[in-house]
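Here are some notes for a colleague who is meeting this structure for the first time. Please read them with the model open alongside.

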Amino acid sequence: MSIINALSVTGAAMSAQNARLGAVVSNLANANSVTSSTGTPYKAREVVFEAVPDGTASGGIPLESVRVAGVVQSQAPSPLLYEPGNPLANKAGYVRGSNVNPIESMVDMLSASRAYQDDVTAANVLKTIAMKTLSL
């Protein structure tokens with residue numbers, strides 16, 4: 001595997017984790033929303049990754065990169081919140097809330113952030129290797 005291919009893989013991984021972080025930020029920002037622009041409660045967004053063939057390494061080992069296959073809405077049920085003063089409440093005083101779980105979102109944010117940091121570290125190691133190779 002060449003250094004250029006390795007940098008391409010780490011770049012793709014950073015891009016994918018960046019998209020994941022964006023979805024998490026959107027989820028956390030809308031965690032307490034009871035309605036969206038469509039009039040329905042906000043649904044949590046989840047980023048779906050896809051493995052992409054990226055050539056072969058020495059010895060015929062297949063290499064894979066990653067990309068964002070899409071962003072889907074969570075199918076978790078939306079909770080009913082008792083808010084009788086809310087203008088969106090039904091006759092019983094309940095409003096359907098967002099299905100975002102802030103604790104899960106925070107864990108997902110930490111995981112994506114650490115993965116992104118690991119990708120940056122790998123890219124820096126590859127850069128160092130390339131610089132030392134050029135100085136020989």
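1. A fitting place to begin is the largest pocket, which in this predicted model has a volume of about 220 Å³. Its lining is made up of 16 residues, and those closest to the centre of the pocket are Asn-27, Ala-44, Arg-45, Glu-46 and Ser-105.

2. Turning to where that lining comes from, the elements that give two or more residues to the largest pocket are helix 1, strand 1 (45-56) and helix 2, and of these helix 1 gives the most, with 4 residues.

3. Helix 1 passes helix 2 in a left-handed crossing, and the residues of the contact between helix 1 and helix 2 comprise 20 nonpolar, 7 polar and 3 charged ones.

4. How many salt bridges does the structure hold? There are 2 salt bridges in the structure, and one of them joins the side chains of Asp-108 and Arg-20, with a distance of 2.6 Å from N to O. Because Asp-108 belongs to helix 2 and Arg-20 to helix 1, this pair ties together parts that lie 88 residues apart in sequence.

Terms used:
Residues are numbered from 1 along each chain as its sequence is written. This is a predicted model: local features need pLDDT of at least 70, side-chain atom pairs count only at pLDDT 80 or more; totals for chains, interfaces and linings use all residues. Side-chain values use heavy atoms; hydrogens and water are left out. A crossing is left-handed if the near helix is turned anticlockwise from the far one by less than a right angle, and right-handed if clockwise. Ala, Val, Leu, Ile, Met, Phe, Trp, Tyr, Cys and Pro count as nonpolar, Asp, Glu, Lys and Arg as charged, and the others, Gly among them, as polar. On a 1 Å grid over the protein atoms alone, a cavity is a set of points where a 1.4 Å probe fits but cannot get out, and a pocket is an open set with protein on both sides within 12 Å along at least five of seven lines; lining residues have an atom within 4 Å of a point. Grid points are joined across faces, edges and corners, and a volume is the space filled by probe spheres set on the points. A salt bridge is a side-chain nitrogen of Lys or Arg within 4 Å of a carboxyl oxygen of Asp or Glu.
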